[in-house]
Amino acid sequence: MEEKLMVTSSPHLQDKASTSSIMLDVCIALLPALICAEIIFGVRVLLVTGVSVAACFIFEYLLNMITKRPQTISDLSCAVTGILLAFCLPVSIPLWMVVIGDFVAIVIVKGLFGGIGQNFANPAATARIVLMLSFPVQMTTWTAPVGADATASATVLDMLGHGTAGEMPSLWQMFIGYQGGSLGETCAAALIVGGIYLLFRKVIQPHVPLAFIGTVAIFSLLTGRDPLVQILSGGVMLGAIFMATDYTTSAITPVGKVVFGIGCGLLTCLIRFFSSSVEGVSYAILLMNILCPFVDRLTRSRPFGGAKA
């Protein structure tokens with residue numbers, strides 16, 4: 001039989017992974033943090049998260065129907081956005097504010113730019129910033145962990161900012177989540193478990209999280225601050241593992257991922273240490289999302305055999 005050379009268009013490498021399977025893996029990776037948050041802050045965690053996810057599904061369905069686009073709710077990307085946004089919120093936040101945040105994330109940040117794969121910024125991080133600027137009191141009203149006294153309701157970053165470091169939880173308490181803060185950010189142990197799962201499933205690569213967390217640690221040391229406190233407090237772990245690794249809004253090349261992670265970590269520290277805001281993760285991720293095209297352009301590899309520009 002005569003053999004024929006088949007010539008086809010790219011992509012030539014195929015994988016069984018799909019958008020829905022990747023998003024399902026992310027949802028599974030977020031489950032440990034959700035379970036720990038429910039234990040730490042009570043059953044309202046499930047209510048806030050459930051409302052957030054349901055609103056994201058509804059907004060995406062209605063937007064696709066109005067704009068006559070193919071329905072994309074089955075890819076589960078809106079579920080991931082809903083969970084991540086809920087993780088960035090205080091457990092006591094009014095539910096109608098959660099819905100406003102979901103509208104910003106799904107309709108404005110994601111939908112108006114063309115849907116999944118077209119948005120220039122991380123929807124959950126941007127929605128959190130909008131809620132923070134619109135409702136600063138509700139977004140900074142923290143709930144103490146179950147069984148803790150009222151002083152534990154303040155976040156570690158708030159304590160450091162107001163000079164009340166003597167009331168801070170221990171590093172172990174911060175690691176297991178026994179501290180005030182947004183419902184999905186406090187338990188570093190659960191977030192690390194989720195990150196390991198994503199690495200095992202090859203959903204993410206370690207470049208961005210390691211560069212992000214490493215930069216926070218190094219910059220904290222250089223400025224005389226405790227690196228472990230900075231890493232275990234606020235949204236560093238959640239942002240580094242689950243938000244800065246977003247396919248659409250982060251760098252593509254390995255070198256670009258490292259630069260992206262370093263930029264996120266550096267901006268986080270600059271905002272935390274030298275501005276009026278005690279938390280800078282969401283702002284840092286959004287700013288690096290905007291700079292991401294330039295990072296990709298500067299770090300893209302030269303085609304094999306191609307001439308240097």
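**Reading helix α9 and the cysteines**

A: Let's start with packing: the buried residues of α9 touch α1 (19–41), α8 (171–176), α11 (227–232) and α12 (236–243). Contact means heavy atoms within 4.5 Å, and buried means under 20% relative accessible area, exposed over 50%, partly exposed in between (1.4 Å probe, protein chains only). Helices (H or I, at least four residues) are DSSP runs, numbered from the N terminus. This is a predicted model, where local features need pLDDT of at least 70, side-chain atom pairs count only at pLDDT 80 or more, and totals for chains, interfaces and linings use all residues. Residues are numbered from 1 along each chain as its sequence is written, and side-chain values use heavy atoms, with hydrogens and water left out.

Q: Which residues of α9 are buried?

A: An α-helix has 3.6 residues a turn, so residues three or four places apart point the same way. Here the buried ones are Ala-188, Ala-190, Leu-191, Gly-194, Gly-195 and Leu-198. They lie on the same side of α9, because their arc around the axis is only 160°, taken from the directions from the helix axis to the C-beta atoms.

Q: Which exposed residues does the face turned away from the buried side of α9 carry?

A: Ile-196 and Phe-200 sit there. Just past the helix, Lys-202 has a positive phi of about 60°.

Q: How many disulfides are there?

A: A disulfide is a pair of cysteine sulfur atoms within 2.5 Å; the count here is zero. Cys-56 is in no disulfide either, with the sulfur of Cys-78 the nearest at 6.6 Å.

Key
Helix = DSSP H or I, 4+ residues; strand = E, 2+ residues; numbered from the N terminus.
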